[in-house]
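Please look over the sequence and the model shown here before reading the notes that come after it. They are meant for a reader who is meeting this structure for the first time.

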Amino acid sequence: MKPITGFGRTLFATGAALLLAATSPARADDPAKILKSMTDYLGSQKTLSASFDSDIEIITPELQKIQFASSGQFKLGRPDKLRVRRTGGYADVELVYDGKTVSLYGNDAKSYMQAEMAGTVDQMITEMQTHSGLGMPGTDLLLTNAFEELMATAADGKHVGQGVIDGVECEHLAFRTADTDWQIWIETGAKPVPRKYVITSKTVTGAPQYTLRTRDWKTDAFAEDTFVFKAPAGATKVDINSVAMADFDELPPGTPTGAKK
């Protein structure tokens, strides 16, 4: 290859400088400060609702990367009310928590399960994830101690710059832990809500990712029966156990483990 000389060298240098300027962080803002503004805002809201789209990647034994997509909505009433609906290619699931009982209904399975679980939404989320293994997309962003949970294992964080998600300007942050890298895009302005959240599993071959996009954030009051579960006609009640939970997962039965959430 011939060396770049004269005008070509000047043109190359100018282009490199423009590229560097375009990709370098526009501001040196503290990523922890930006993240805390988001968690403080979400944590201060008595009611929250939003729609979401999620993608989870898996790596097959043949090292092929496959992505599974779901969409849904959530409604949160602090401190002890939550309703989440998620529809994907392999599950149509609704979770309802009224502060005393958690109910989980699978439309495809035509069955539901219930468990007494008095406490807060934070406690219910921890209990469900610990004992059932049920994936609950982005619920760590809704915890009252979300900042502490997110930063507990973060070894490095940076403010990458700005980004635009669904036409909304956002602050783009990136954090690293021993097992995962995660990124978050937070809306700028008076309502710093998360718009995109990406988790990359570094300890899994192929580094699969879990991606969550959110939209239509609202803080409106809910109807009185929002968090009341009514079993659909013909649905059968089953026990909460690991086998039954397979019918409520984002992945079809038998697929390899996907990106950590």
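The briefing below takes up the sheet, then its strand pairings, and then the salt bridges.

The model is a predicted one.

**Strand E9 and its two partners**

- Strand E9, made up of residues 180-187, is mostly covered, since seven of its eight residues are buried.
- On one side, E9 pairs with strand E8 (residues 168-176) in the antiparallel sense, and this pairing extends over seven bridges.
- Within the pairing of these two strands, Glu171 stands opposite Ile186 in E9, and the hairpin that joins E8 to E9 runs through three residues.
- E9 is also joined by seven bridges to strand E10 (residues 194-201), and these two strands again run antiparallel.
- The hairpin formed by E9 and E10 has six residues between the strands, and Gly189, which lies in the turn, has a positive phi of about 105 degrees.

**Strands E2 and E3**

- Strand E2 (residues 65-77) and strand E3 (residues 81-88) run antiparallel and are joined by eight bridges.
- One of the facing positions here is Ser71, which stands opposite Thr87 in E3.

**Salt bridges**

- Side chains of opposite charge can pair when their charged atoms come close.
- Arg215 forms a salt bridge with Asp53, and the closest N and O atoms of this pair are 2.7 Å apart.
- This pair links distant parts of the chain, with Arg215 in strand E11 (residues 209-218) and Asp53 in strand E1 (residues 47-59), 162 residues apart.
- Arg215 counts as partly exposed because its relative accessibility is 29%, and Asp53 likewise counts as partly exposed because its relative accessibility is 27%.
- Arg215 forms another salt bridge with Asp216, where the closest N and O atoms are 3.9 Å apart.
- Asp216 has a relative accessibility of 47%, so this residue counts as partly exposed.
- Through salt bridges that share partners, Asp53, Arg215 and Asp216 are joined into one network.
- A further salt bridge brings together the side chains of Glu57 and Lys65, at 3.6 Å from N to O.
- Glu57 is buried, with a relative accessible area of 11%, whereas Lys65 is partly exposed, with a relative accessible area of 42%.

Terms used
Residues are numbered from 1 along each chain as its sequence is written. This is a predicted model: local features need pLDDT of at least 70, side-chain atom pairs count only at pLDDT 80 or more; totals for chains, interfaces and linings use all residues. Side-chain values use heavy atoms; hydrogens and water are left out. Buried means under 20% relative accessible area, exposed over 50%, partly exposed in between (1.4 Å probe, protein chains only). Helices (H or I, at least four residues) and strands (E, at least two) are DSSP runs, numbered from the N terminus. Two strands pair if DSSP finds at least two bridges between them. A salt bridge is a side-chain nitrogen of Lys or Arg within 4 Å of a carboxyl oxygen of Asp or Glu.
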